Amino acid sequence: RYRMKEMYRSLDPVVAGDDNSLVYVYLMFDGLVELVPDTLEVRPALAASWSVSPDGLVYTFRLREGIRFHNGRGITSDDVAWSINRAVSHPTSQKKSFFSALAGVTAPDPATVVLTLSHPYDAFLAALASEAGSVVPKEVYSLPDEPYLSRPVGSGPFMFESSDTGISITLARFAGHWKTPPVNPIQKFKVILIESSTTALQEYLTGNLDYTQEMPPGQRRNLMKEHPGEFHHWTTQQIFYVGFNHAAGPMKGDLLLRRAITHAIDHDFIVRVLQEEKDQVATGLIPPGMLGHLPAQQGPPYDPNLAAALLAQAGYPGGKGLPELTYVS
C-alpha cells in the first residue's frame, strides 16, 4: 500500500503529462527504448537493437522475440508504427512536439521498425524513451468508446488491475514481461489518495502504508535519524522557480526591479533550511542529467546589498512605492 498526493489525470500515454499520471504510465507501458536511471543513457526496451544511418536520418529497430501486451497478444512492428503515428495525430495527444523531426515510420516486416527524420535530431532516442514512445495495442486504443481510458493496456512490468475513482488504483505484476524479474518481486500494490503528508506519515508509522514519498515540513531530519533503515532517497529532475509577469504590473519593462528581487532570494537558505537539504540550488532552467544542462553555469548570487541598490535604482528605495506583489503557487 502506497500513498499519492493527487489523483492521476490520465493513464493514456499520449495525454499524460503530470507526475501523478506519468508514474503509472511508465510502469504500465514500454517503448522501443528506455532511459537508464541516474545516467539517463538510452538502452534497449521492446527493441533488442537499433542502428542509425550515417546521415542521422534513418533509425532502424529490431524487436525482441516473445514480447507481449498485457492482454496476451504478441507485439509486432505494426503496433509500434501505429502507436507512434497515434502520438503524432491523435486529436487529444500532447506529445506531437516530441516527434517534430519525424518524417515517417514504416514496418517492413513484423520485427523491424524504420523511423525516418526530416533532419538530424540528437535527442530523438530520448524522445522515444519518454511516455510519447509508449506502444499500445491498436485493437484496444482505436475503439470509439475509448475503454482504455478506464482500463489501460500496455506491455510494461505492471498491468492495470482496478481503480476506485478519486480514491485508489491497483497495479499487478505482468508475468509475461520481457525483463527478468528481481528476487522476491512485488506482485501487486495499491496506491491510495491521501492529500495530507502529515496524515500519510501517521498511516505509515501505524503500519497502514508501506511507502510514502513526501515528508511533512520540518520532519525530514528527525525521520532520517529515527528510521535510518527505512529512509531512501533518489534523484529526480525538477526545477522550482519564481516567474515574473512581464506583461502587466510593476514587473513589466522593469529589468532593475526583476534583478533586485532575484538577488534578494537566498537560494542556499531555502535548500539548506527550508527544504532540509533534500534539493540543490538550481543554476539554470535545465537540471543536471538532462540534455542541455550546463555544469559550469552559475545562477544569480544572493546579495542583499546589491538587491537594495537595484531596488533604489528602479525607483523604490527601501521598497517605498512598490505595489504589493501577488505570488501564485
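Which residue in the turn of the S4 and S5 hairpin has a positive phi? I found Gly-56, with a phi of about 75°, and there are five residues between the two strands. I am reading a predicted model, where local features need pLDDT of at least 70, side-chain atom pairs count only at pLDDT 80 or more, and totals for chains, interfaces and linings use all residues. Residues are numbered from 1 along each chain as its sequence is written, and side-chain values use heavy atoms, with hydrogens and water left out.

**Entry: the sheet**

I noted that strands (E, at least two residues) and helices (H or I, at least four) are DSSP runs, numbered from the N terminus. Two strands pair if DSSP finds at least two bridges between them. S4 and S5 run antiparallel and are joined by five bridges; Ser-49 has Arg-62 in S5 as its bridge partner.

I then traced the open sheet, whose four strands come in the order S4-S5-S7-S6 with antiparallel pairing. Strand S4 (47-52) and strand S6 (102-109) are at the edges; each has a single partner strand, so one side of each lacks a neighbour in the sheet. From one strand to the next, the twist averages 20°. Such angles run from 0 to 180 degrees between N-to-C directions, with axes as lines fitted to C-alpha atoms, for helices over the stretch in contact.

Next I looked at S6 and strand S7 (residues 112-117), which pair in the antiparallel sense over five bridges. Val-105 has Leu-115 in S7 as its bridge partner. Helix H2 (residues 77-89) packs on the sheet and touches strand S5 (58-63), S6 and S7, where contact means heavy atoms within 4.5 Å. The direction of H2 makes about 165° with that of S6.

**Entry: another hairpin**

I moved on to strand S8 (residues 158-164) and strand S9 (residues 168-173), an antiparallel pair with six bridges. Asp-164 stands opposite Ser-168 in S9. Three residues lie between the strands of this hairpin, and Gly-166 takes a positive phi near 80°.

**Entry: Pro-304**

Is Pro-304 buried, exposed or partly exposed? Pro-304 counts as partly exposed because its relative accessibility is 42%; buried means under 20% relative accessible area, exposed over 50%, and partly exposed in between (1.4 Å probe, protein chains only). I found Pro-304 in helix H9 (residues 304-313). C-alpha to C-alpha, Pro-304 and Glu-131 are 43 Å apart in space, and they are 173 residues apart in sequence.
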